[in-house]
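Please go through the backbone and the ligand site with me.

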Amino acid sequence: MLQIPFMNLISQYEKIKPEIFQAINNVLDSANFIMGPEVTLFEQEFAAFCGARHCIGVSNGTDALLLALDALDVGSGDLVLTVPNTFIATTEAITRLGAQPVFVDINPETFVINPDSLELTVQKLRSINAPVKAIIAVHLYGHPCDMEAVKQIAQRYELRVVEDAAQAHGAEYKGKRTGTLGDVACFSFYPGKNLGAYGDAGAVVTNDQQIADKVAMLRNHGRIKKYEHLMEGYNCRLDTLQAAILRVKLNHLDEWTRQRIANANQYSTTLAELPSIVIPLVTPGARHVYHLYVIRVANRPVLIEYLQRAGVSTGIHYPLPLHLQPAYRHLGYREGDFPAVEKASREILSLPLDAEITASQINYVCQTIKQSLSEIKAAPGEIKDA
Ligand SMILES: Cc1ncc(COP(=O)(O)O)c(C=O)c1O
């Protein structure tokens, strides 16, 4: 039986193995394991990739968020708005600074922040003089948020905007890339991301010199130079070996992203015929980079099992929204608070996708879905009235 993995990191590695070996060898030969030229060069190259002025390499995407919020002076008692359908790292960074996340609902078609819900929430909080400080706009699955609307709200209420671009390397909104769409952006290079290291890694990207300087200081113990510290910081540096690996992979990223998009389009063309499947929507002016290819389907458990039996791996990103997680019980949210997020969490299904998956593998997944749907009777109407 065919086995279709959710993503195939090994097949990608096989194609770039000699380049990776060379890059690792160069670092080993230099014995320059902390910071050094590889980190600086990667920072310059990734900033250029984003079209931004500054990139500061850091230890991972979670720390990127922590440092970015810290650089914006988010601290004890502040409120930071974001969505509940994200990985918990988004909100962990808020809490670690003594601030508190406040959730808002999503656009059910794109899965990203709903500006109307955002504005209503900010209005309510401001009317009681609550200390709202910032918005984290999560470009989930690789689809950019409606940044014009988010920024208008931010301007009206004097809020800072952080992009959580962990899933959106190279995504674009109206011709501009993630990394340039808010005050500051945070990237993860977790191995499975569109640009993935061979371990943990991340970056903060910004056009703002002050933010860049503060993040650069914070990631390295708040130091200005050796043994001179302007403030207490963290040990959140980007590992030099990872920087060298990322430089190799960054050279391929545009090509891999084009292939990802072509693969996603192949899925969409075939699956669009199926009435009980909702394919991902791409809003005008958006470049979706498909970190994940996420459909909506009724009777999801039956389809998952059918696919599994046919050797196709799938995922759910994410099955339990953050406002209903035990970790956030103390925030007092209840089921029903965010209907679009909750409905999505019951229906979303991520299909195998990366730059390596072949046309015939995608075809196999689509044909298996078709067969499955002809065998199960999808609950009519459940999906369409999202
Ligand atoms: C949306 C989002 N934010 C933040 C992170 C955190 O990144 P990392 O795993 O590199 O800490 C991730 C990925 O894991 C993510 O998907």
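Predicted model: local features only at pLDDT ≥ 70, side-chain atom pairs only at ≥ 80, totals over all residues.

1. Start with the peptide bonds. Most peptide bonds are trans. The bond from H317 to Y318 is cis, and its omega is near 15 degrees. Y318 sits in the loop that runs between helix 9 (300–309) and helix 10 (339–347). Please inspect this loop.

2. Next, phi. Most residues other than glycine have a negative phi. A31 has a positive value, near 55 degrees, and is not a glycine. A31 belongs to the loop between helix 1 (9–30) and helix 2 (37–50). Is A31 buried or exposed? A31 counts as exposed, because it has 7 C-beta neighbours inside 10 Å and the cut-off for exposed is 12 or fewer.

3. Y290 is another non-glycine residue with positive phi, at about 45 degrees. Its loop lies between strand 13 (286–287) and strand 14 (293–297). Y290 has 27 C-beta neighbours inside 10 Å, so it counts as buried; the cut-off for buried is 20 or more.

4. Now the ligand. How many residues surround the ligand? There are 15, and the closest are G61, T62, A89, A166 and S188. Helix 3 (61–71) and helix 4 (89–96) are the elements that give two or more residues to this shell.

5. Last, the make-up of the shell. Eight of the residues around the ligand are polar, five are nonpolar and two are charged.

Methods:
Residues numbered from 1 in each chain as written. Helix = DSSP H or I, 4+ residues; strand = E, 2+ residues; numbered from the N terminus. Near = placed C-beta within 6 Å. Nonpolar A, V, L, I, M, F, W, Y, C, P; charged D, E, K, R; others polar.
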